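Subject: Handover of a structure and notes on it

Dear colleague,

Please find below the structure that I am handing over to you.

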Amino acid sequence: MKYLLLEKLSSAPVIMDPFEYIIVKGFVNTETKEALLSDFPKIQKPGVFPLSELNYGPAFASFIEELESPQLTEIIQEKFRIDLQNRPILTTVRGWCSKDRDGNIHTDSEWKLVTLLIYLNEEWEPQGGRLRLLRSKNINDFAAEVPPDWGSLIIFKRSDNSYHGHLPFEGERRVVMLNWVTDQEKLKKELERHNFSSLFKKLVPFTIKR
C-alpha cells in the first residue's frame with residue numbers, strides 16, 4: 001500500500017484494559033504527507049462530515065480507498081475477534097475542533113462495532129485535543145493519551161465502558177474516522193442525519209474564533 005503501513009498494525013498488540021484498543025504511531029507513510037495535506041478537505045467548521053459533503057483531491061481519495069480496503073478490515077477483525085465481513089463502513093472527517101462542542105466524554109452508539117481514528121496533523125504541542133481512553137467518566141482517569149499528530153492511529157472495539165474524550169482545544173485538528181456498523185439501514189440513517197446537519201451548517205455560518 002502507498003499510504004498505510006499495515007505491517008505496523010499487524011504487529012501491534014491489543015490492549016485489553018479498560019477496553020479493547022490498539023494504538024499505532026506513524027501508521028501513515030511520511031513520504032505521502034505533502035500530497036495528503038494538500039488534498040485534505042478544506043474544513044473550517046466544527047463537526048463531523050461524511051465524504052459526500054466534502055471536496056478533496058486525488059491523494060486523499062486514494063488514502064480513503066486504502067482505509068476502506070478489505071486488507072485493513074481483515075487485520076482489524078482478526079485483532080478484535082469480531083466478524084466485520086459485509087459490515088458497512090461509515091467514513092467521516094473532522095477538520096476543525098471547537099473547545100465548547102468537542103471532546104466530551106462518551107461511548108459510541110451500540111450500532112458502531114469498531115471505531116478507527118487516524119490523525120493527519122503536524123507535530124502536536126497543545127495539551128488539549130489529545131484523545132484519552134478512559135477508565136471512567138473522569139477525563140483525568142485515563143489509560144492512554146494520544147496526541148493527534150501525523151499518522152497516529154487508534155482503533156477500539158465499542159463497549160459499554162469504552163469511554164473517551166479530550167481536553168478542550170480550539171483550532172485545526174484533522175482526523176479521519178471509520179466506523180464498522182451493524183447494518184446498511186443504520187448507515188443510511190446516519191448519513192441522512194449528517195447530510196441534514198451539513199445543510200443546517202451551510203444556512204447558519206460558523207465564525208472561527210481567532
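Predicted model: local features only at pLDDT ≥ 70, side-chain atom pairs only at ≥ 80, totals over all residues.

Residues are numbered from 1 along each chain as its sequence is written, and side-chain values use heavy atoms, with hydrogens and water left out.

Helices (H or I, at least four residues) and strands (E, at least two) are DSSP runs, numbered from the N terminus. Two strands pair if DSSP finds at least two bridges between them.

The six-stranded sheet

This open sheet pairs its strands antiparallel in the order β1-β7-β4-β9-β3-β2. Because β1 (21-24) and β2 (49-50) at the edges each have a single partner strand, one side of each is left without a neighbour in the sheet. Strand β3 (residues 89-97) is joined to β2 by two bridges, and P50 stands opposite T92 in β3. Helix α3 (residues 58-67) packs on the sheet, touching β3, β4 (112-119) and β9 (171-181) (contact means heavy atoms within 4.5 Å), and its direction makes about 35° with that of β9. Such angles run from 0 to 180 degrees between N-to-C directions, with axes fitted to C-alpha atoms, for helices over the stretch in contact. Helix α4 (residues 70-80) lies across β1, β3, β4, β7 (153-157) and β9, at about 50° to β7.

The three-stranded sheet

A further open sheet, also antiparallel, has the order β6-β5-β8. Four bridges join β5 (residues 131-134) to β6, where R132 stands opposite E145. L134 lies in β5 and is buried, with a relative accessible area of 0% (buried means under 20%, exposed over 50%, partly exposed in between, with a 1.4 Å probe and protein chains only). Beyond its neighbours within four places in sequence, the contacts of L134 include P18, F19, I105 and Y163.

Aromatic pairs

The structure holds seven aromatic pairs. Rings of Phe, Tyr and Trp (its six-membered ring) pair if their centres lie within 6.5 Å; planes under 30 degrees apart count as stacked, over 60 as edge-to-face and the rest as tilted. F19 and F156 form an edge-to-face pair, 5.9 Å centre to centre with 70° between the planes. F19 lies in the loop between α1 (6-10) and β1 and F156 in strand β7, so the pair ties together parts 137 residues apart in sequence. F19 is buried at 4% relative accessibility, and F156 is buried at 0%.

Yours sincerely
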